[in-house]
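Take a look at the model below.

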Number of protein chains: 2
Amino acid sequence: MTTRINVNEKILKENDRIAAEIRSELSQKHILSLNLVSSPGSGKTSLLERTFRDLKDTLPMAVIAGDVQTENDARRLEAAGAVLVRPIVTGGACHLDARMVQLAMAGLDLSNCRVLFVENVGNLVCPSSYDLGEDMKVVLISTTEGDDKPLKYPAMFRRSSVMVINKIDLIGLSDFDLEKVKRNARQINGQLEIIEVSCRTGEGLSRWYDWLRSAVQSKRRKAK
Amino acid sequence: MTTRINVNEKILKENDRIAAEIRSELSQKHILSLNLVSSPGSGKTSLLERTFRDLKDTLPMAVIAGDVQTENDARRLEAAGAVLVRPIVTGGACHLDARMVQLAMAGLDLSNCRVLFVENVGNLVCPSSYDLGEDMKVVLISTTEGDDKPLKYPAMFRRSSVMVINKIDLIGLSDFDLEKVKRNARQINGQLEIIEVSCRTGEGLSRWYDWLRSAVQSKRRKAK
């Protein structure tokens with residue numbers, strides 16, 4: 001088992017080196033980078049679709065969309081008006097790593113871009129260990145997944161800056177307790193920003209957009 | 001990268017050796033073993049809770065409940081009448097492996113047991129690579145996760161024998177297409193048995209119970 005740990009450490013160290021390169025490049029270009037993580041089906045692609053439709057005329061954005069298999073998400077995002085889309089098909093791997101992101105970035109002209117979203121593989125465990133050079137991780141959770149998820153997958157919630165609670169239109173149809181999920185999340189991470197939305201009805205999205213614009217401005221200020 | 005692949009191969013080979021020991025032990029005892037896999041929040045624990053409540057007087061069952069953190073699921077299952085429950089807290093690991101299951105089995109008196117459920121970590125990617133000595137994998141998917149999941153996480157659906165579609169009471173509240181998810185799943189695995197249920201309303205559970213009893217009988221017949 002010692003061998004295994006050493007190899008993993010080496011992989012993570014190399015990952016961190018590349019992530020630092022990405023972070024430096026994006027900082028020089030004043031681009032905010034967000035790493036979107038969640039269970040499969042929480043609504044990462046839906047949130048991006050809405051965000052692109054509603055903000056594309058005022059905020060230039062790009063996305064790198066990771067999936068184990070298929071380029072479905074990338075195609076959905078192109079249809080939603082994200083002109084700058086690069087798919088990554090991991091071919092079985094359970095997470096994105098910094099090298100995959102760096103390779104995908106090489107195919108994107110980010111010169112006029114303000115935000116780069118990296119849509120990770122749907123997985124609440126493994127992606128938490130891989131720095132992708134992002135400014136922040138945004139973790140999504142949907143109301144149909146149950147309010148215990150922050151306690152059961154603590155690393156992901158500890159390493160995220162924002163928790164977006166999606167599918168709030170379905171509250172009341174399961175025993176999901178909105179206050180309880182917030183308590184559980186804040187028990188893991190007291191600094192977590194929490195935003196409640198329904199990508200289906202649009203409820204709450206204006207708060208997400210406000211947060212996003214403010215993060216973009218804050219990144220530009222820091223860059224000066 | 002060569003090193004990494006070799007180490008992983010070695011780990012998987014050792015895992016398969018232990019899985020074969022588990023399979024042999026369970027076969028000698030005529031115990032059906034099912035490895036339950038799904039995204040976080042699809043309803044693995046809910047399905048087991050219902051199954052224990054409804055069948056505990058006629059079918060002796062045990063469960064090994066795996067989680068990254070917390071023993072919440074094991075506690076819920078004990079409350080539902082599963083007298084034989086062993087929790088495994090993986091402490092960050094994204095899947096159960098055969099050694100963890102073998103250690104947990106050592107703490108269970110399975111002599112009168114007919115079914116051993118192994119509730120895996122909520123993760124549609126990594127658990128697909130680890131044989132736990134089970135007779136079959138049962139993959140759960142909930143209607144709120146979207147109908148594209150079999151195409152996006154094909155390994156899990158290819159290696160499963162049964163797909164349980166949970167939360168059918170919420171159909172119509174999202175753009176989930178029941179026929180499409182079945183088509184997508186059968187495109188990946190033409191042999192897949194598909195059972196539709198709602199653990200909340202109880203709809204469809206009798207079909208799951210029929211399937212389970214029939215699998216137990218078939219296992220006993222084979223053992224003779």
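## The interface

How many residues of chain A are in contact with chain B? Here, 39 residues of chain A are in contact with 39 residues of chain B; contact means heavy atoms within 4.5 Å. This is a predicted model, where local features need pLDDT of at least 70, side-chain atom pairs count only at pLDDT 80 or more, and totals for chains, interfaces and linings use all residues. Residues are numbered from 1 along each chain as its sequence is written, chains are lettered from A and ligands numbered from 1 in the order written, and side-chain values use heavy atoms, leaving out hydrogens and water.

The area buried between the chains is about 2800 Å². Buried area is the accessible area (1.4 Å probe) that two parts lose on being put together, summed over both. Carbon and sulfur atoms give 60% of it.

## Salt bridges

The rule finds 4 salt bridges across the interface of chain A and chain B. Each is a side-chain nitrogen of Lys or Arg within 4 Å of a carboxyl oxygen of Asp or Glu. B:D67 and A:K152 meet in a salt bridge, at 3.6 Å from N to O.

## Helix α4 of chain B

Helices are DSSP runs (H or I, at least four residues), numbered from the N terminus. In α4 of chain B (residues 98-105), B:A98, B:V101, B:A104 and B:M105 are buried, meaning under 20% relative accessible area (1.4 Å probe, protein chains only). They cover an arc of only 125° around the axis, so they lie on the same side of α4(B). The arc is that of the directions from the helix axis to the C-beta atoms.

Technical notes: Buried means under 20% relative accessible area, exposed over 50%, partly exposed in between (1.4 Å probe, protein chains only). Helices (H or I, at least four residues) and strands (E, at least two) are DSSP runs, numbered from the N terminus.
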